[in-house]
Each structure stands twice: as structure tokens, then as C-alpha cells.
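Here is a friendly walk through this structure, point by point. Please keep the sequence and the 3D view open while you read.

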Amino acid sequence: MKFTFVGTGSAFCLKNFQCNILIENEDKKLLIDAGGDIRFALNEQQLSYKDVDALYITHPHQDHIGGIEYLALTSYFDPGKSPIEYYGHRGLTNDVWTAISPGLATLQGITASFGTFFNMNIIKENGEFSWQSIRFELIQSVHIMNKYSIMPSFGLMMTTEKGTKVYYPSDTQFAPNQMKDFYRESDIIFHDCETSPFWSQVHSHYEELKTLDKEHKSKMWLLHYQDNVVEDWEGWNQKAREDGFLGFLKKGQVIEVDEKAKPSQLETKKGA
Ligand SMILES: [Zn+2]
Ligand SMILES: [Zn+2]
């Protein structure tokens, strides 16, 4: 299972791409979120809509859904492209369609629905799905709370065939009481990390994450940061490592989970 971080920046970054992640397993690719700059982010990895087999959406902010129209229309008008499998929480999917439908519902001569462009896989409350032998459990994150209710935003606990657990809450407030069990059970965490001097209150700020248990920080990579990290890459990474994190994820970085043993390692084992 391979993660390519096609973008690791915050919504309005200029020196990075928005925080969208491509997962590859058994030669198929699933994209977690498609922000408005996804065509550029994929292009930088020598990829395009043609390489996206499946799409999972975490929540309806533009840095996570603004590129769905690109994926939908380019795939729809490419006769050689199979429809993309869409995975998403039921309530969230309605919100996503409401946001993107003005640009997609009217094709020439056709009244289109979400299902016109994607093979829809709607996940029910407290649900999960599997894709390419990986189990994806949906975990709601507290990203934005208006006066009375929480925006539907669903991160993922991903479990590989070998049992390795990867937690990606997507955009989330700092909520250690609600998240500590997920931190504990995961082997690796990709965590939202705001780095601006002004706190938005709807993301986990670096200064808050710093206060987490050593054990949790030791398996945590940071992403969704502001451009100030790119401007002082070495400085921020040194600070992150000193504070006990794995570091900041860089645009284009690849992380392999359950990587097959390299031939040289097998030889050493045989000889031993
Ligand atoms: Zn975001
Ligand atoms: Zn967001």
C-alpha cells in the first residue's frame, strides 16, 4: 500500500498543492479528496484523471471537493475511461452534490446526477468499505461546529491485509479526548497541522499537537500546513523532530506501508 501526497498544503496555499492523497494498491489508485488544484497536483506526479480509479471525499470544503468537476467531466467525455468509483458518507454525499451540481447537473441534452459520472458507493452511518483488500472505516472528525451542529467530515482508519493501521482524520480540530483511542490503535498517523500565527480554531494547531503523548507523536506525520513551513522547511522539520513528530510531509512524498522485503534483505535472512 503506497501513499503519494500529491499536495500537503492548506486550503489557500500558494507554494504547495491542497491536501489530497493518492493511495495505490495492487495497481489501482484511490484518491482521497480532490481540491480545486488537483489537475496540477496530479500532473506534477505525471498523473491525470486517467489514473484515478476511485475517489473518497472527506468533507465539502473546496480544497477537498473543488476538483471533482474536473474528474467527472474529463472521465465522462473520455470513451476509454471507466467511471471512477465514488466512496462517501451518505449525508456528506448529499452536501457534496449540492455544492458541485450547478456545474454538473446540466449536460447538453441530459439532466445528470452524481451517478451519471461516478459509480456510487454510499457508506451508511458508522459504516465502512473495502477497496483492494484494504479496510476503510469512516471516523467522524470535529472540523467545524456551527452554533448547534457539526459539519459532516469523515476521516479514515485504514487497515491493510497484514493488519497495519493508518489513521487520517482529514481536517480536524484538536480533540485529543475524542481521538486518543484512534491514536493509540494506529501504527501511523497523517495529521492536520495548522502552522499560521493566527489560529483558525477549526484545525489542529502545531502548538496544540505538541502537547500530545510522546507515544502518539512518534507515529505522526504532519500535513495541511501553511506556506510558512515551505519557506523554512529545514527549520520547521528540525523543530518537529525535536518535539517528537516524524516530521512534515512534503508535496510529492511517497510512504509505503507493508512494503515487501527487499531482495537484499531476503538474502541476508537466507544466509543467517
Ligand atoms: Zn482542508
Ligand atoms: Zn476543511
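1. First, a definition that helps with the handedness below: a crossover is called right-handed if, with the strands pointing away from the viewer, the path from the first strand over the helix to the second runs clockwise. Helices (H or I, at least four residues) and strands (E, at least two) are DSSP runs, numbered from the N terminus. With that in hand, look at β12, helix α6 (residues 176–185) and β13, which make a right-handed β-α-β unit.

2. A word on what you are looking at. This is a predicted model, in which local features need pLDDT of at least 70 and side-chain atom pairs count only at pLDDT 80 or more, while totals for chains, interfaces and linings use all residues. Residues are numbered from 1 along each chain as its sequence is written, and chains are lettered from A and ligands numbered from 1 in the order in which they are written.

3. How confident is the predictor? The pLDDT, its confidence in each residue from 0 to 100, has a mean of 94 over the chain, and 95% of the residues reach 70 or more. Over residues 268–272, however, the pLDDT is below 50, and this stretch has zero contacts in the model beyond near neighbours in sequence; two residues are in contact if their C-beta atoms, placed from the backbone, lie within 7 Å. Where pLDDT is low, the predicted coordinates should not be read in detail.

4. Now the sheet. Two strands pair if DSSP finds at least two bridges between them. In what order do the seven strands of the open sheet come? The order is β9-β10-β11-β12-β13-β14-β15, and the pairing is mixed. β9 (128–131) and β15 (247–248) stand at the edges with a single partner strand each, so one side of each has no neighbour in the sheet.

5. Start from the β9 side. β9 and β10 pair in the antiparallel sense over four bridges, with F129 bridged to F136 in β10. The hairpin of these strands has two residues between them, and Q132 there takes a positive phi near 50°. Next, β10 (residues 134–140) and β11 are antiparallel over six bridges, and E137 has M157 in β11 as its bridge partner.

6. Moving along, β11 (residues 154–159) and β12 (residues 165–168) pair in the antiparallel sense over four bridges. L156 is bridged to Y168 in β12. These two strands form a hairpin with five residues between them, where G163 in the turn has a positive phi of about 95°.

7. Which residues of helix α3 (residues 68–76) are buried? They are I68, L71 and A72, where buried means 20 or more other C-beta atoms within 10 Å of a residue's own, exposed means 12 or fewer, and partly exposed lies in between, with C-beta atoms placed from the backbone. Seen down the axis of α3, the buried residues fall within an arc of 95°, so they line one face of the helix; the arc is that of the directions from the helix axis to the C-beta atoms. Their packing partners include β4 (54–56), α4 (90–104) and β8 (118–123).

8. The largest nonpolar core has 62 residues, and those with the most contacts inside it are L55, L71, L222 and L223. Such a core is a set of buried Ala, Val, Leu, Ile, Met, Phe, Trp, Tyr and Cys residues joined through C-beta atoms within 7 Å. Leaving aside neighbours within four places in sequence, L222 is in contact with residues including H191, C193 and F248.

9. L209 in helix α7 (residues 206–209) is buried, with 22 other C-beta atoms within 10 Å. Not counting residues up to four places away in sequence, L209 touches F174, H191, C193 and S204.

10. D33, in the loop between β3 (28–32) and α1 (38–44), has a positive phi of about 75° although it is not a glycine. Q46, in the loop between α1 and β4, has a positive phi near 55° and is likewise a residue other than glycine. Is each buried or exposed? D33 is buried, with 25 other C-beta atoms within 10 Å, whereas Q46 counts as exposed, with 7 C-beta neighbours inside 10 Å.

Definitions and conventions. pLDDT = per-residue confidence, 0-100.
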